[in-house]
Structures are given as C-alpha cells and as structure tokens.
Amino acid sequence: MITCVIVDDEQQNISILKKLLARYCPEVNLIGEAVSSGTALKLIRKQQPQLVFLDVEMPDMDAFELLSQLTPFHFECILVTAYDRYAVKAFAYNALHYLLKPVDIDELRLAVQKAVARIMEKDVSRRIDDLKERAESNQMTAKIALPTSNGLVFYAINDIVCCGARNTYTLFEFVSDKELLVSGTLKEFEEKLPAGIFCRVHNSYLINMNHVTRYIKGKGGQVKMINGKIVDVSLRKRDEFLSRLR
C-alpha cells in the first residue's frame with residue numbers, strides 16, 4: 001500500500017474522495033487530511049506521505065504556492081479542481097495527474113495506478129542506489145594483500161593513490177606518501193582492484209578516482225593526484241576517463 005493525504009478546503013469534497021478511494025483504490029492508505037494550506041504544510045512535513053491529493057483553489061494559499069513551500073517535494077501529487085484552466089501549470093509543477101471535479105472513477109483509478117507505478121519505480125531505484133553505496137563503501141574499506149620479501153602486507157584499498165607498471169613489478173603509491181614495489185604486473189592488480197574505484201588511464205598507470213584533484217587538458221591530458229603525482233592519460237583512454245569524472 002501507499003500512504004496518502006487529502007488536502008481540500010471543503011470537508012464534503014474530502015469525504016467524497018475518501019469514499020471513492022476506499023471503494024475503488026484499496027492500494028491507498030489514507031493517513032491524513034487537511035482543510036487549509038497551513039495545516040497541510042504541517043501534515044505533509046510530519047507524515048511524509050507518498051501521495052497527495054491537492055485541491056488547487058484554497059483561500060489561504062493555492063496548490064502551487066503550497067508546492068513551492070515544499071520544494072523539493074518527494075511525494076507524487078494529484079491535483080483536484082473544478083476548473084481545467086490549471087492543467088498546463090499543474091504539469092509545470094511536476095504534478096503526476098490532474099483530476100476534474102466531480103471526480104471520474106476511471107480517471108481516479110488511472111491516476112492512482114500511475115502514482116503506484118511511479119512510487120514503486122522510485123523505490124526500486126533507491127534500493128539499487130543504496131546497494132551501490134554499500135558496495136562502494138565495502139570496497140573502500142576493504143584491503144588488498146601485497147606480496148613482499150617478508151610475506152603479505154595488507155593495505156586499505158582506498159589508501160592507494162595509483163599503481164604504476166614496472167615491467168613484471170608494480171609500484172604502489174599511497175596517501176601517506178609511502179611507496180611499495182611489489183611483484184606482479186599492473187594487469188594482475190587491475191583485475192584484483194575494484195573497477196568502480198580504479199581507472200586504467202594509461203598502459204602504465206592505474207589510478208584511484210577518489211584521489212584525482214585535477215585534470216590538465218592536452219592530447220590525452222594529465223591528471224594530478226592527491227599526493228601531487230602527475231599521471232599521463234593516453235588518448236585512447238581519455239574519453240573513458242572523462243566519462244568517469246562526470
């Protein structure tokens with residue numbers, strides 16, 4: 001179910017819409033109602049509904065003034081009015097749908113279906129973003145084992161500024177200004193490090209995108225890293241790198 005608030009300066013209109021929603025739109029859970037814009041502002045801010053049915057013409061503040069007070073708003077808005085002259089303005093304010101009084105049942109059901117679909121889409125998108133953030137956070141706090149003459153040493157992945165190819169060895173540079181030359185090709189370490197954080201900008205360099213401080217234009221260009229290191233960007237890799245920056 002989705003949560004809903006009705007705003008209308010006439011209680012009779014609220015009662016009618018409540019009955020229609022209860023009978024024809026069981027997926028809607030009414031959690032509040034308001035007969036003035038001032039009360040509506042407080043109610044919406046407190047309850048954070050997913051859907052708001054909003055009368056356009058109210059004495060203290062019309063629907064568009066109210067929406068401006070709430071901008072940016074994260075609920076779906078269905079405007080309800082006895083006049084059709086507000087249609088263009090309604091969509092300019094990102095209203096999902098526009099219902100004329102007396103409310104047509106089929107139009108009401110269509111509007112609610114659109115709202116449900118939009119809310120579900122936003123919810124899925126938000127969950128995907130949350131998963132990506134968690135994955136990136138895990139990657140940033142994860143560690144990599146680097147081989148040394150005395151065994152394996154573990155370093156936080158996000159402490160790596162860049163990696164440079166040295167034949168069959170790789171030079172790691174860290175935010176602490178420490179450097180470590182380890183056995184293994186750059187390609188081998190590229191496969192171990194998270195692609196969401198690291199970018200191969202040159203045959204000889206792999207950089208941590210979190211530690212780029214500046215891009216210098218040129219044929220391929222150069223990047224300045226947080227430790228002051230200047231790394232060349234190959235022409236072949238430039239577009240991919242710049243797209244990652246955006």
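Is Cys77 buried or exposed? I looked this up first, in a predicted model where local features need pLDDT of at least 70, side-chain atom pairs count only at pLDDT 80 or more, and totals for chains, interfaces and linings use all residues. Residues are numbered from 1 along each chain as its sequence is written, and side-chain values use heavy atoms, with hydrogens and water left out.

**Cysteines.** I found Cys77 at 0% relative accessibility, so Cys77 counts as buried (under 20% relative accessible area, with exposed over 50% and partly exposed in between, for a 1.4 Å probe and protein chains only). I then searched for disulfides, taken as pairs of cysteine sulfur atoms within 2.5 Å, and the count came to zero. Cys77 is in no disulfide, and the nearest cysteine sulfur, that of Cys4, is 11 Å away. For Cys163 I noted that the closest cysteine sulfur, in Cys162, is 6.8 Å away and therefore too far for a bond; Cys163 is also buried, at 0% relative accessibility.

**Largest pocket.** I looked next for pockets (on a 1 Å grid over the protein atoms alone, open sets of points where a 1.4 Å probe fits, with protein on both sides within 12 Å along at least five of seven lines; lining residues have an atom within 4 Å of a point). The largest pocket has a volume of about 300 Å³, counted as the space filled by probe spheres set on the points. Its lining holds 14 residues, of which Gln48, Pro49, Phe73, His74 and Phe75 lie nearest the centre. Helix H2 (37–47) and helix H5 (105–141) each supply at least two lining residues, and H5 gives the most, with three.

How values were computed: Helix = DSSP H or I, 4+ residues; strand = E, 2+ residues; numbered from the N terminus.
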